[in-house]
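Please open the model in your viewer and keep the selection panel at hand.

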There are 4 protein chains.
Amino acid sequence: MALSRYEYVKNYEIEDRCLLGCWIVVRIDGKAFRKFTDAHSYLKPNDDRGLGLMTRAAQMVMADFTDIVLAYGQSDEFSFVFHKNCKIYNRRASKLMSNVVSLFASSFVLYWPEFFDTQELQYPPSFDSRVVLYPTDETLKDYLSWRQVDCHINNLYNTCFWKLVQEKGLSPREAGDSLNNTFSDHKNELLFKEFNINYNSLPELYRKGTVIIRNTNVKKSKDLDKQTTAIQIATESSKKDKTSCSIVLYTDIIGSKFWEEHPNILK
Amino acid sequence: MALSRYEYVKNYEIEDRCLLGCWIVVRIDGKAFRKFTDAHSYLKPNDDRGLGLMTRAAQMVMADFTDIVLAYGQSDEFSFVFHKNCKIYNRRASKLMSNVVSLFASSFVLYWPEFFDTQELQYPPSFDSRVVLYPTDETLKDYLSWRQVDCHINNLYNTCFWKLVQEKGLSPREAGDSLNNTFSDHKNELLFKEFNINYNSLPELYRKGTVIIRNTNVKKSKDLDKQTTAIQIATESSKKDKTSCSIVLYTDIIGSKFWEEHPNILK
Amino acid sequence: MALSRYEYVKNYEIEDRCLLGCWIVVRIDGKAFRKFTDAHSYLKPNDDRGLGLMTRAAQMVMADFTDIVLAYGQSDEFSFVFHKNCKIYNRRASKLMSNVVSLFASSFVLYWPEFFDTQELQYPPSFDSRVVLYPTDETLKDYLSWRQVDCHINNLYNTCFWKLVQEKGLSPREAGDSLNNTFSDHKNELLFKEFNINYNSLPELYRKGTVIIRNTNVKKSKDLDKQTTAIQIATESSKKDKTSCSIVLYTDIIGSKFWEEHPNILK
Amino acid sequence: MALSRYEYVKNYEIEDRCLLGCWIVVRIDGKAFRKFTDAHSYLKPNDDRGLGLMTRAAQMVMADFTDIVLAYGQSDEFSFVFHKNCKIYNRRASKLMSNVVSLFASSFVLYWPEFFDTQELQYPPSFDSRVVLYPTDETLKDYLSWRQVDCHINNLYNTCFWKLVQEKGLSPREAGDSLNNTFSDHKNELLFKEFNINYNSLPELYRKGTVIIRNTNVKKSKDLDKQTTAIQIATESSKKDKTSCSIVLYTDIIGSKFWEEHPNILK
């Protein structure tokens, strides 16, 4: 049986190498997660179990891919930043995006029971994944700022929306109608006046999303900025190595302060 | 907070649309599965539990992506053939490869206990994924033939290798040395003379790999070629819909017979 | 002086290989040719000198690139069809499009005086170039039909437009207004009633555009379809080899007749 | 006649947008110029007519594409640097490389007689063209240094080679054999001892290649570095606008001095 007769088909593969010298962002995003969160009774607007599971899966990815310098997550998405000079997989985009997203997905399912003890996983979730290149530190930071601004805007909206539905008894449609085309000021005021909630006092996890950096970037946890909440997730047995290599923060990454405090991340 | 200030970074995304009119093959492949199968005590050279789990995961992918006309799997890889005229995700390669591979990975983990009842999953597996385009029916069939020939060659080698190790007590190195650079004839004879095995009587699952086609392509199971083994996997409750839409075959797809019997697959 | 210190920059080049097995169309297109034709007093709606020069330049391209099986031109554009299995430049799109377009441009300028004896070239023209892949004979033929239909539609419009301007004294704006949103029937009737022109009796060069095929595809010129006008451009001295390798036709390539008469083109 | 029936083929075109924020280098390169220079009796190792014509063609390109901030040429190649934030043609690589290379080629032919008054152009030359992206100022400068080092190495070699052939009567093969695998020191010494030539006193045009920048970048020609030779090519009539917008320099661009003297180029 002649292998060579068919082997020519291998030449139909097209190289998809990422441009050298650029930051490589792999962003994964839950597919149809509105349906998924409904089917699994996620608490709204934020479910700590779901957010914790996302972070755990992201830490597994960071443990396996040591070229990732930072990960940022919010809602059902996570962005992984590979160092601009990394050589992994010869920088092939397909390899990067598929290995990251499949490890994330299998971790999500494997660690599900640790976070959802009373809620069985009904069906396998899927995630999409894309590669985006940023040629400069500035554009990379702007990318991360874009995601964190998105987190803020969505969380403010969702906090209002679910308060109106859960406590005022509005239908989803009514709640949506009353919030559309309103500014942040209006929503902040609504929360304060109607629900006695100071938005800025809500957990930073909800308002800022989740930043994961390498443990080697910080000497001791007391060195961390006092205003940020550092959680070095306690892990037992074999998982210890995996998650202890990363530090989870809920902090602002839009301003320059974060980058000044962690000058080695983009080095 | 100005969303627009950062939103420009979205324009760094590059479109990766697949050429129209070409068959789109998404091939997923286990990452470091030699280590994975060792860590999970897979039987060698073939583990029915592992192969069954791969097939189950592939069926979940086929159930979700109705544009897939055929899937072919062997060892730790699976190829999914999307119809040449499909429009899903606007044919964006990233979307296709990431959604397929993440659904495969999460299914693999979710259904693990059904196949490995006494063996716990030690860590989350990952898979890579790539997209390859084939412009004609002929090149697509040659691609599938390439994978099936690969299955045959590897299985013949592995069958010999593990017999030498498991029954003759050779070290892996010794077994490898005695098989390298030998032809198929030699290996067939080795199996027959030394181990009284007629290679062609081994299960087609091992020798041919796994072909999955849509249920709608066949009217009744008795219409199926007698020489092929059709298994319409029995499924209970909610999973029924998912797997009953596909038919699993262990058959030759290199010759013209398969394609003549299933003229609708490439229509 | 260390060459190696800077040579790493070579790795920033990205491969752009065309998918195997697909017809490669390189289409070149005059840049700002409305201004160019005005500046060089082209006759409207069709200038035989300009069309002849385009064809000559295309023949030079065909002479240099023997993988081109057919070229089709109209107005200020030309499409070159490279054989689906050609290996030239390892099928790199950049190499193909740039070499074709630069040879076309330099030929255009070099042979300008042969076609425009009383009109000097005022400034160097430029052309853009693109590569489009077609996976099947059918899609390739549809591509060529698309261009020929475009030729017909534009020529019918332009013939009416310039008659109205040149013979009826309408301003360009008035002529345009009177033709916009009219059907072919209307335009044919206008030509016949107002200008006593039977559109179908106009030269096929204007109505069908220019098809160039390899000389080897036809045995003798009398074998050519009687209804097509075959012109084997007479060339002297060194240019003889260059243009005698191609045959220029003004004929329909939308119907099946052309392809039946020239079965070897797509072989 | 239904246009729409064929128009679908337009969708086979694939976008090839350059990544935002990166310097875009379009490098054109003469195809088979060894044969071309032989056929046109170029003086060896350097022909001022040929180099002047290349520069003239490059100036035409710079005049048409105002997003080009710098061009660098040597031998039969020219690199054009488009500003990293330019928006021209929506940054489509095909458009950029084809328009540049075709304008270069048509200018080369059109202005040929101005440089080669006694030598007729024998046949149309062609050039290939490619697009390479550089994400940072540093990598862009390294690219230009790479080309200038290449100019130096080739010129030193060629100067020795042609001296050996032209004055010592060596055959090309003998000359090549005696130079292969020798260091710069050896070649410098050879020129000095055998031919009484101080390599560093040869014209900078030959040793450094040609740098073209925009006129607006310098206030007055006396501001230019004294060691560089600035030639603001005198042009008559209509060509004046075209070439007066650029300044031609023969100077080192590897060291930091050039960039410090022209800080606006990469702004």
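**First stop: Ser98(D)**

Select Ser98(D), which counts as buried because its relative accessibility is 0%, where buried means under 20% relative accessible area with a 1.4 Å probe and protein chains only. Ser98(D) lies in helix α4 of chain D, residues 93–110, helices being DSSP runs of H or I with at least four residues and strands runs of E with at least two, numbered from the N terminus. Now show what surrounds Ser98(D): leaving aside neighbours within four places in sequence, it is in contact (heavy atoms within 4.5 Å) with Val101(C), Phe127(C), Asp128(C) and Ser129(C).

This is a predicted model, in which local features need pLDDT of at least 70 and side-chain atom pairs count only at pLDDT 80 or more, while totals for chains, interfaces and linings use all residues. Residues are numbered from 1 along each chain as its sequence is written, chains are lettered from A and ligands numbered from 1 in the order in which they are written, and side-chain values use heavy atoms, with hydrogens and water left out.

**Second stop: chains B and A**

Select chain B and chain A, whose contact takes 52 residues from chain B and 52 residues from chain A. Together they bury about 4,600 Å², 66% of it on carbon and sulfur atoms, buried area being the accessible area (1.4 Å probe) that two parts lose on being put together, summed over both. In chain B, colour Tyr6(B), Pro124(B) and Trp146(B), which lose the most area to chain A, together 15% of what that side buries.

Finally, display the side chains of Lys95(A) and Asp128(B), which meet in a salt bridge at 2.4 Å, N to O; the rule, a side-chain nitrogen of Lys or Arg within 4 Å of a carboxyl oxygen of Asp or Glu, finds eight salt bridges across this interface.

Methods. Buried < 20%, exposed > 50% of the residue type's maximum accessible area, 1.4 Å probe, protein only.
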